[in-house]
Amino acid sequence: MFHHMKALIALIILICVSFYSSNAQWYNPDKVNKKAGQIYARAYEDAQDQKYVSAIEKINKALQIEPKFVDAVLSRAGIYAEMKKYDSSVIDFEKGFAMDSVYCVNYLLPYSISLAGLGQFQKALNAVTRFLKEPLNSQSTRAGNYRKTVYEFALNYEKKHPSNNYVFAPKNLGDSINSNALEYYPSLTIDGNKLIFTRRVSGDEDFYETDRVNGTWTTALPLGGKVNTTFNEGAQNISQDGEWIIFTGCNYPEGQGSCDLYISYKTKQGWSEPENLGPTVNTEFWESAPSFSADKRDIYFSSNQLGGYGGKDIWVTHRGINGKWGRPENLGSKINTTGDESCPFMFADNQTLFFNSNGHPGYGQADLYFSKKTDSSWTVPENLGYPVNTIDEEGSLIVAADGKTAYYASDKGEGKGGLDLYSFQLREDIQPPRTLWVKGRVFDVKTKDGLPSSVELTDINSRKLISRLQTDEYGNYLTTLPIGKDYAFNVNRKGYLFFSENYNLSDHSIDSVFTKDIPLQPIEAGAAIVLKNIFFDSKQTELKPASTSELDKVIQLMNDNPKLKILISGHTDNIGKPADNLALSKGRALSVISYLLASRQIAKERLQSVGFGETKPIADNNTEDGKALNRRTELSVISN
């Protein structure tokens, strides 16, 4: 089906740029001024060589001599279409129809394509429907039916996705980024303040970077360090924290195939020398267009390696605990088709995947889509719709963490030269969920030294792991979270008490940064932590199911430190009778002990419990927030 579609597209292009009708020669020399015909013949040669501006100039001269030269008008319409100047193309087609509607009937198909290029899909459907009523050969019939399907898709999409006065207004990123060379494949850090992109100069591709300072992009400069080489580097993606870059390197001496995935790390000396991801990920085939997940645990990429569904498919490789990238997994038949899927971009929520495809229903060539990651699969990809998608091929697109602002490369606007980088606002109904991003530093509470540590974020209610990440060598971390959920926030490092926190993202403004520096306490007698993800109903001692993630961390702590003995203490606020509060705190501490013993992994002799009731407040009981802090379960070290 895909190859059949490609053949139809090729036929349509042929019709658009050819200078003939199936009912006549490309012009009738007996009916046209000889000089005009000669000029037109030279225009035909220019058009064949893709010298479109020169061809139009010659056609204009021919039309000055022979104003009713219908073939010249139709040919100019086809050239304008090839130049993506669809408004001029439509005007010329309609001029030709006005001159000779019978002769021009076979041009209804390319006319419909130019109408669709302007987003006038109903008029395009009317034109192609008229075209299909004519006696046609099998090729023309297939081409017409294919376009009819496209226009019907576009009209149905409009009905299902009303624009609500949406204005598509791409904004050129300006002279500090765009030049008379080609700029494409943008990549953005999560704070939106660093942009990496590919610039192609005289056939050589290199990476450039620019920073947003006080709302203005600085002059783009080649990426520092060792990433840029004499080879071609392209299709890059910078990690959300700005610390890693994954990119496509083609024809490198050590490459596994024609194009491989390479990774580089930010150092004090600049970007490190690129490392090939190796034969587990890269194959003898083509790997390209990589994108990190927000937590850097996954890389999504496009490849035509064996085991896919068609040409190029989207795959994912997961980073193991040992830091090695695993064997790629195909994203499956919901995402991949018998056509080509490429340019994946994983949004900051780690759930919404943008990509392009020419195999899903769309507007004619490669369109942009998004799909949501579910527990076991992906949702059916949704087309981003016109005018983001057009009848022409759409490439890569990224979306900033605000879920609104998209960046892409285009040659359709008033650019600086060829492909330029633009930003625009996504239509509201296709915006991904906005996220909160969380960053900070894990450090030793005594020495203040940064600690490389494991950081986990778990949905408290579903108990599902949302994100697991490793801090850098200085203890720094960054991650993003979808809003509207309660999370358990756990940090683990051998030799230290784990850190535990829970919070509701609705307490913080979305599209903003939440900084959380985390002090870890060395395991030693007297060290204590509050178990903030232990939950009870009011005046009850039975543990709520949402507490199990936290208690399992306690079990892990005890297993990692087999000599550790701990005390679990319960505390309450001052509401109610002191005796009742004391009994409640004892009962809750015993519930924790019972859960730990039920695991059959911890000896009873290593566990003690006590209830203090309201006698040891850590905050003012005169406020609701203070009372909440006083209602707590603590873990303290007896000995190690």
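Which residues do ring pairs link into a cluster? The members are Phe121, Phe153, Tyr157, Tyr363 and Tyr386, where rings of Phe, Tyr and Trp (for Trp the six-membered ring) pair if their centres lie within 6.5 Å, with planes under 30 degrees apart counted as stacked, over 60 as edge-to-face and the rest as tilted.

The model is predicted, so that local features need pLDDT of at least 70 and side-chain atom pairs count only at pLDDT 80 or more, whereas totals for chains, interfaces and linings use all residues. Residues are numbered from 1 along each chain as its sequence is written, and side-chain values use heavy atoms, with hydrogens and water left out.

**Aromatic pairs and charges over rings**

By the ring rule, the count comes to 23 aromatic pairs.

Tyr40 is buried at a relative accessible area of 0%, and Phe69 is buried at 1%, where buried means under 20% relative accessible area, exposed over 50% and partly exposed in between (1.4 Å probe, protein chains only). The pair of Tyr408 and Phe424 likewise links distant parts of the chain, 16 residues apart, from strand β21 (residues 405-410) to strand β22 (residues 420-425). Tyr408 has a relative accessible area of 9% and is buried, as is Phe424 with 3%.

Charged side chains also meet rings, a charge being over a ring if NZ of Lys or CZ of Arg is within 6 Å of the ring centre and within 35 degrees of the ring normal. The charged end of Lys312 is placed over the ring of Trp286 at 4.4 Å from its centre, and Lys616 lies over the face of Phe612, 4.2 Å from the ring centre.

**Cysteines**

The structure holds one disulfide, a term that denotes a pair of cysteine sulfur atoms within 2.5 Å. This disulfide joins Cys250 to Cys259 with an S to S distance of 2.0 Å, and the link is right-handed, with 100 degrees about the S-S bond. Cys250 is partly exposed at a relative accessible area of 22%, whereas Cys259 counts as buried at 8%. Cys343 is in no disulfide, and the nearest cysteine sulfur, that of Cys259, is 13 Å away; Cys343 is itself buried, at 13%.

**A mixed sheet and its helix**

Four strands form an open sheet of mixed pairing in the order β31-β34-β32-β33, two strands being paired if DSSP finds at least two bridges between them. Because β31 (528-530) and β33 (607-611) stand at the edges with a single partner strand each, one side of each is left without a neighbour in the sheet. Neighbouring strands of this sheet are turned by 20 degrees against each other on average, direction ignored.

β31 pairs with strand β34 (residues 632-639) in the antiparallel sense over three bridges, and Ser636 in β34 is the bridge partner of Ala528. Helix α10 (residues 578-598) lies across β32 (565-571), β33 and β34 and runs at about 160 degrees to β33. Here contact means heavy atoms within 4.5 Å, and axes are lines fitted to C-alpha atoms, for helices over the stretch in contact, with angles from 0 to 180 degrees between N-to-C directions.

How values were computed: Helices (H or I, at least four residues) and strands (E, at least two) are DSSP runs, numbered from the N terminus.
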